[in-house]
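Thanks for asking me to look this one over. Here are my notes, starting with the ligand site and ending with the aromatic pairs.

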Amino acid sequence: MAGKTDNLLAILRAQPVVPVLIVEDARSAVPLARALVAGGLKAIEITMRTPAALEAIKAVAAEVEGANVGAGTILNSRDFDAAVKAGSTFIVSPGVTRGILDAAKASEVPLLPGTANASDVMVLREEGIDVVKFFPAEQAGGAPYLKALSSPLAGTFFCPTGGISLKNARDYLALPNVICVGGSWVAPKEMVAAGDWAGITKLASEAAALTA
Ligand code: 3PG
């Protein structure tokens with residue numbers, strides 16, 4: 001378990017922002033990932049919200065040098081296994097289920113499970129998991145909520161996602177229990193559809209330069 005957690009921490013600590021991608025067309029995945037990597041964001045989460053997701057993960061894992069591709073929106077063990085097979089180096093889920101936890105236990109690939117409450121965090125700690133996603137961050141109470149969890153749940157570290165942008169990312173990054181944030185703002189739908197890779201590299205560079 002310790003090895004997996006270390007791997008996950010190494011991936012997430014290397015950059016302040018993890019792009020959260022909804023890839024509609026698998027053909028855009030490789031240029032999109034290259035644009036993000038060029039801007040300094042190597043860890044990339046491709047969500048399983050579209051039929052193109054698995055193919056996109058496979059293509060990025062095989063073709064984009066320097067990228068660390070993870071799979072997001074994993075809702076069950078079947079998707080967990082398929083995402084790992086496609087080449088995901090980390091797995092993100094919006095919540096916690098027994099099935100996901102068991103799949104994670106049986107895998108060498110680390111899981112970043114989602115939670116927005118203290119009880120889930122406590123359940124995860126019993127499972128040996130102390131690196132989690134805080135989701136949906138803004139809607140669940142934002143940085144003040146997460147700050148309130150930092151003292152009673154010291155030792156658990158969060159990657160908040162949901163409603164985060166360049167404007168409010170620093171509020172989270174300044175907290176002692178936050179290791180990075182995630183968000184879709186670095187790859188807007190319109191820019192992806194237009195193939196504006198230079199524009200996306202610029203957004204990625206701005207995000208990569210964020211500090212608390
Ligand atoms: C996620 O899955 O983490 C969120 O959908 C990302 O939220 P955002 O689109 O508000 O950045």
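1. Shell make-up. Please keep in mind that this is a predicted model. The residues of the shell around the ligand come out as two nonpolar, five polar and two charged. By name, those surrounding the ligand are Val20, Arg49, Lys133, Phe135, Thr161, Gly162, Gly163, Gly183 and Ser184.

2. An N or O atom in the side chain of Arg49 is 2.4 Å from an oxygen atom of the ligand. For Ser184, an N or O atom of the side chain is 2.6 Å from a ligand oxygen atom. Lys133 places a polar side-chain atom 2.9 Å from an oxygen atom of the ligand. As for cover, the ligand taken alone exposes 310 Å², and the protein buries 81% of that.

3. Where does the ligand sit? You will find the ligand in the second largest pocket.

4. Aromatic pairs. The structure has two aromatic pairs. One of them joins Phe134 and Tyr145 in a stacked arrangement, with 5.5 Å centre to centre and 10° between the planes. The planes count as stacked because that label applies to angles under 30 degrees.

5. Phe134 belongs to strand 7 (residues 131-134) and Tyr145 to helix 8 (residues 142-150), so the pair ties together parts that are 11 residues apart in sequence.

Technical notes
Residues are numbered from 1 along each chain as its sequence is written. This is a predicted model: local features need pLDDT of at least 70, side-chain atom pairs count only at pLDDT 80 or more; totals for chains, interfaces and linings use all residues. Side-chain values use heavy atoms; hydrogens and water are left out. A residue is near a molecule or strand if one of its heavy atoms lies within 4 Å of it. A polar contact is a pair of N or O atoms within 3.5 Å; within protein, one must be able to donate a hydrogen and the other to accept it, and residues adjacent in sequence count only if both atoms are side-chain atoms. Accessible areas come from the Shrake-Rupley method with a 1.4 Å probe; for residues, only the protein chains shown count as cover. On a 1 Å grid over the protein atoms alone, a cavity is a set of points where a 1.4 Å probe fits but cannot get out, and a pocket is an open set with protein on both sides within 12 Å along at least five of seven lines; lining residues have an atom within 4 Å of a point. A molecule sits in a cavity or pocket if more than half of its atoms lie within 2 Å of its grid points. Ala, Val, Leu, Ile, Met, Phe, Trp, Tyr, Cys and Pro count as nonpolar, Asp, Glu, Lys and Arg as charged, and the others, Gly among them, as polar. Rings of Phe, Tyr and Trp (its six-membered ring) pair if their centres lie within 6.5 Å; planes under 30 degrees apart count as stacked, over 60 as edge-to-face and the rest as tilted. Helices (H or I, at least four residues) and strands (E, at least two) are DSSP runs, numbered from the N terminus.
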